[in-house]
Amino acid sequence: MSDHVYKLLELTGSSRVGIEDAINKAIAKAHETVRGIQWFSVTETRGHVVDGKVAYWQVSLKIGFTLD
């Protein structure tokens, strides 16, 4: 493995389906404009409640990508 320098980007994904879907949506969207995404770390999980039920999930994460 070669040495890398990483930059961090903070994102928040949301989903009506669940936590994993929110993470996947955030990473997929970032992938559209950010090259070299290598890893992610979930920093916070929360949700929005409507009428006593979870309406959607919000997941904050940091993604690490390599610099060219």
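Q: In what order do the three strands of the open sheet come?
A: The model here is predicted: local features need pLDDT of at least 70, side-chain atom pairs count only at pLDDT 80 or more, and totals for chains, interfaces and linings use all residues. Residues are numbered from 1 along each chain as its sequence is written, and side-chain values use heavy atoms, leaving out hydrogens and water. Strands (E, at least two residues) and helices (H or I, at least four) are DSSP runs numbered from the N terminus, and two strands pair if DSSP finds at least two bridges between them. With antiparallel pairing, the open sheet of three strands has the order 1-3-2.

Q: Which strands are the edge strands?
A: An edge strand here pairs on one side only.

Q: How many bridges join strand 1 to strand 3?
A: These two strands run antiparallel, and G13 stands opposite V59 in strand 3. The number of bridges joining strand 1 to strand 3 is 10.

Q: At about what angle does helix 1 run to strand 3?
A: Helix 1 lies across strand 1, strand 2 and strand 3. Axes are lines fitted to C-alpha atoms (for helices, over the stretch in contact, meaning heavy atoms within 4.5 Å), with angles from 0 to 180 degrees between N-to-C directions. On that basis, helix 1 runs to strand 3 at about 40°.
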